[in-house]
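Colleague: I would like to take a close look at a single part of this model, and I would be glad if you could walk me through it slowly.

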Amino acid sequence: MQAIIETLTNQPSPLNRALHEMLVKKGFEGFFTAEEVQTLCTQTALNRLDLAFALLPLAASFAHTAISHFKVGAVAIGRSGNFYLGANQEFAHAAIAQTIHAEQSALSHAWLRNERQVTDIVVNYTPCGHCRQFMNELTQAEDLRIHLPHQCDNALHDYLPDAFGPKDLNVTAGLLSEEHQGLQTDSNDAVICQAVAAADLAHTPYSQSPHGIALAFADGRIVTGRYAENAAFNPSLPALQSALNFAYLNGFSLTELRRVVMAERATALSHRTQAEALLATLCEVPLEYVAL
């Protein structure tokens, strides 16, 4: 966060001055409320879409690109009017499939903040096929508009014609819908409770195998992540990546990580081994596993 503030200070512009004032005043949690978006539009004379494009460098600054060294930023615009930032997150010395794409990052961020529909996604590079399929899982994906620097206001269908998605498998609740898996715990451990609560909110209509992750930090704060399953399976986003992405976008440092708890109902598949493998490349904190 300090590096971002220094950049805004050293590169003055109407937007950077407005962002600097806002970030110093309230800190930054990786998103802007609808009210903050309106304030920035007023202070910079930008409309909402132009503001989203102008925020892409800020979004991309949260990327971790140890493998590609290629930063991608994204802004998901919620029906609420909130702007949710996202960036690609790569993990060195782990399977490349563990990577989080910028569009996944922004959409997962919106989901974890309980946004129920994303109306627009703004990104600085054309979405790859992986991301197009991931976006097709969204609630009201048919209404999603995609905006790129060279071309705006296209429907997802324009990038993914003749698509295969939830409706082909008779799934009516898309990603971002309010879902509950009926999971509870009798534990009094706050971190375990949060992991179970995250698993309960997972989107897992195909395998019926929900899982959630809770990351506990030294200052007592807990970050959670949920499993986001996809009709095409491979673009699914495991809960550990979901939680790590949220932590990165909110300025948490993994050096302050103290506990990692995974709660899972492994009906048809399990993400335990995959989570353990990724976690081992990031820190020495062991994965605590709770079977549901």
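Does Cys131 count as buried or exposed, and at what relative accessibility?

Modeller: Bearing in mind that this is a predicted model, Cys131 counts as buried because its relative accessibility is 1%, which falls under the 20% cut-off. Cys131 has its place in helix α7, and, when residues up to four places away in sequence are not counted, Cys131 touches His101 and Glu103. The UniProt record, in an unreviewed entry, lists Cys131 together with His101 and Cys128 under "binding site". Although these positions are spread over 31 residues of sequence, they cluster in space, with a largest C-alpha distance of 9.0 Å.

His101 is found in the loop between β3 (83–87) and α6 (102–112), and at 24% relative accessibility His101 counts as partly exposed. Leaving aside neighbours within four places in sequence, the contacts of His101 are Ala87, Asn88, Cys128, His130 and Cys131.

Helix α7, which covers residues 129–135, also holds Arg132. Arg132 is buried and yet has no salt bridge, since the nearest side chain of opposite charge, that of Glu103, is 7.6 Å away, whereas a salt bridge needs the charged atoms to lie within 4 Å. Instead, the side chain of Arg132 reaches the backbone oxygen of Pro127 at 2.8 Å, and that of Tyr159 at 2.9 Å. Pro127 and Tyr159 are also among the residues that Arg132 touches, including Thr126, Leu156 and Leu160, when those up to four places away in sequence are not counted.

Definitions and conventions. Residues are numbered from 1 along each chain as its sequence is written. This is a predicted model: local features need pLDDT of at least 70, side-chain atom pairs count only at pLDDT 80 or more; totals for chains, interfaces and linings use all residues. Side-chain values use heavy atoms; hydrogens and water are left out. Helices (H or I, at least four residues) and strands (E, at least two) are DSSP runs, numbered from the N terminus. Buried means under 20% relative accessible area, exposed over 50%, partly exposed in between (1.4 Å probe, protein chains only). Lys and Arg count as positive and Asp and Glu as negative; His and the chain ends are not counted. A polar contact is a pair of N or O atoms within 3.5 Å; within protein, one must be able to donate a hydrogen and the other to accept it, and residues adjacent in sequence count only if both atoms are side-chain atoms. Contact means heavy atoms within 4.5 Å. UniProt positions are given in the numbering used here, feature names are shortened, and annotations may be inferred rather than shown by experiment.
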